[in-house]
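Student: I'd like to go through this model piece by piece. Can you put it up first?

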Amino acid sequence: MRAQLRAELLKQRSTTTSVGLLAGMLGLVLFAVLLHGLGLPAENVGGSSEQLMVFGRGEFLGALFAALVGALSITSEFRHGTIRPTLLVTPRRGRVVAAKVWVSAFIGAGFGLAASALAAGVGTAALWVRGIDIQLDGGDYALLLAGGPAAAALWAAIGVGLGAVLRNQVPTLVGTCAWLLFVEGLLVGDIADVAEVGRFAPGALGEAISGQDPGTLLAPGVAAVLLALYAAAGAIAGSLAITRRDVA
Amino acid sequence: MSATGPTAARSVNDGAGPLLVDADAGSRDPAIKVSSLTKRYGEVLAVDEVTFSLDVGTVTGFLGPNGAGKTTTLRVLLGLAEPTSGEALVFGRRYGELADPASRVGAVLESNDFHPGRSGRDHLRALALAAEIPSSRVDEVLALVEIEPAADRRVKTYSLGMRQRLGLAAALLGGPELLVLDEPANGLDPSGVHWLRSFLRGFAEQGGTVLVSSHLLAEVAQTVDQILVIDRGRLVASGRLDELTARGRTLEDVYLELTGGTS
C-alpha cells in the first residue's frame, strides 16, 4: 500500500493539474472575499455570522477544488488510458483506489488550509481597512482554519468515489460543480422545511464544520462525523465500482 | 479452478500476498494457458470458447481482423476484464493472483496510455514506485528503448513511435519473462519496425516468451515462430508458422483463406 501511495503522490506532482487548480482556487477566494469584504454594505458585514459567511468562502472553495482534485485523480486515468498500466502493475484495484483517496485527501487538506487561511486573512484585512470591527474571536478563526482543511480532505475522498463510479471526466466534474454550486444552495436556501433536511447534505456539512450559520446548520463536530461517513461511503462505492467492472 | 466467478476470483485476489508465492510455478506451467475462454458483452459474443496454450520461450503472433476478439482476449488474460466463462492463466495463475506481476508479465495494450502533460520519465517512475522497482531501472529501460534524450519532455511532444517505445519501456520495467503486445508496430516507421523486430528477437533469444498481436503479416512472418488466428471470436488456426506456410504459401494466403478475406 505504501508503494501505491508513493506512486499516487508522484502522479499528482508530475503534472501541472494540481498547481493549476490551486492557482484557480486562490484567485477565486481572493475575488469572492474581496468582493464581499469591500463591496457589501457595512451593516451587512457587521455581525459575527455575516463575517463568518464572508470568510467561509475559503472553506467552500477549498472543498470544491479538493473534490475536483480527487475526481481528476481517477477520471484522468480513464481519460488518458493510464488506468491500464496502473492496474497492470497493481492488479489489486482496491489498493489503487485507497491510495488515491488518501493522497487526494492529503492534497485536498492543503487546498482547504490555503483557501481558508487566505480567506480569513484577506477578509480580516478588507474589513479592517473599512474600519469595521471584527466580531470573530480566536475560537472562530481556529474553527475556520481547522474546519476548512477537514472539509476539503473529506470532499476530496467523495470526489475520488464519484470519479471512480462515473469514470467519465466531464460528467464527474460538471456533476460535482453543479451539486456544490447550485443544488446545495437550493437545499439550504430560503425554504425552512427543505433546510431541515438540506443541512445533512455534504456541502452544508462542510460549511458547518468551519462553524458557519449555526442557526441553520449542524454543530461542527457532528457535521465532521457525518461528512466523514459520506467520504467513507464514497470511497467504498468507488472501490467496488472499480473492482467489479471491466476496464476497456 | 474452473469457471471461477468474479466474486470468487476477487476473494483470492485480496488474500495475503506471500501465501500466493510458489517458486516452482513458472517452471512447470505454460506461459499462457487459455481454456474455453468466452467473453460476452451484452448481445455481442466477443470471444467464443477460445483455447490455446503457449510454452515458455515461444514467440507467437496473434492474428485476426479488427473486432475478431484479439484485444478482448488479451484484456481478460491481463486481468482487466473478467471472463464470462472459461479462464485465462499466465504462468498457471490468473493475472491478479501473481505475487509480483510486473516481474513476470510486461504488457502494452494501447499505444497512447500516457498523461500528455507528464514526462516519459515520470510516467515510468510512477509505475516503478507502485511495483517497488528501484528507480535506477527507469534509466535502464529508457536507454534500452533508446528514448533517453526525450525522457524529461512531456509525452504530448512525443511522436507515435516514441510513445510505442515508452509503452514498451513500461512493460520492461520489472524485467518480465513474458511480453504481451497489442499492435506494437502500429505507427512505427521502417527503422522503428526494424528496431522492434530485433528487440523481440533478442528478448526471445534470452528465453523470454512473446505474444504479439498484429495486422502486419509480413512483419509477423519475420518475427514469430508460431501463430494463432482468431476470427469472429473463434480460434480458427494455430500452429507453427513454417508448417502453416508450407508448400510455398505465404502467411497472407493462409490468413485470407482462414478469415474469409475480410481483413
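Student: What should I know about the source and numbering?

Tutor: This is a predicted model, in which local features need pLDDT of at least 70 and side-chain atom pairs count only at pLDDT 80 or more, while totals for chains, interfaces and linings use all residues. Residues are numbered from 1 along each chain as its sequence is written, chains are lettered from A and ligands numbered from 1 in the order in which they are written, and side-chain values use heavy atoms, leaving out hydrogens and water.

Student: How much space lies in the largest pocket?

Tutor: About 430 Å³. A pocket is an open set of points on a 1 Å grid over the protein atoms alone, where a 1.4 Å probe fits, with protein on both sides within 12 Å along at least five of seven lines; lining residues have an atom within 4 Å of a point. Grid points are joined across faces, edges and corners, and the volume is the space filled by probe spheres set on them.

Student: Which residues are the closest to its centre?

Tutor: Of 17 lining residues, M53(A), R57(A), V188(A), E207(A) and D213(A) are the closest to the centre.

Student: And which helix gives the most to the lining?

Tutor: α3(A), with four residues. Helices (H or I, at least four residues) and strands (E, at least two) are DSSP runs, numbered from the N terminus.

Student: Where is D213(A) found?

Tutor: In the loop between α10 (202–209) and α11 (220–244) of chain A. Phi of D213(A) is near 40°, a positive value in a residue other than glycine.

Student: Is D213(A) buried, exposed or partly exposed?

Tutor: Partly exposed, at 38% relative accessibility. Buried means under 20% relative accessible area, exposed over 50%, and partly exposed in between (1.4 Å probe, protein chains only).

Student: Switching to chain B: what is the strand order of the open sheet?

Tutor: The six strands run β5-β6-β7-β3-β8-β9, with mixed pairing. β5 (105–108) and β9 of chain B are at the edges with a single partner strand each, so one side of each has no neighbour in the sheet. Two strands pair if DSSP finds at least two bridges between them.

Student: How many bridges join β3 to β7 in chain B?

Tutor: Four, and these two strands run parallel. One of the pairs is V59(B) with V210(B).

Student: Last one: is T73(B) buried or exposed?

Tutor: T73(B) is buried, with a relative accessible area of 2%. T73(B) lies in helix α3 (residues 70–77) of chain B.
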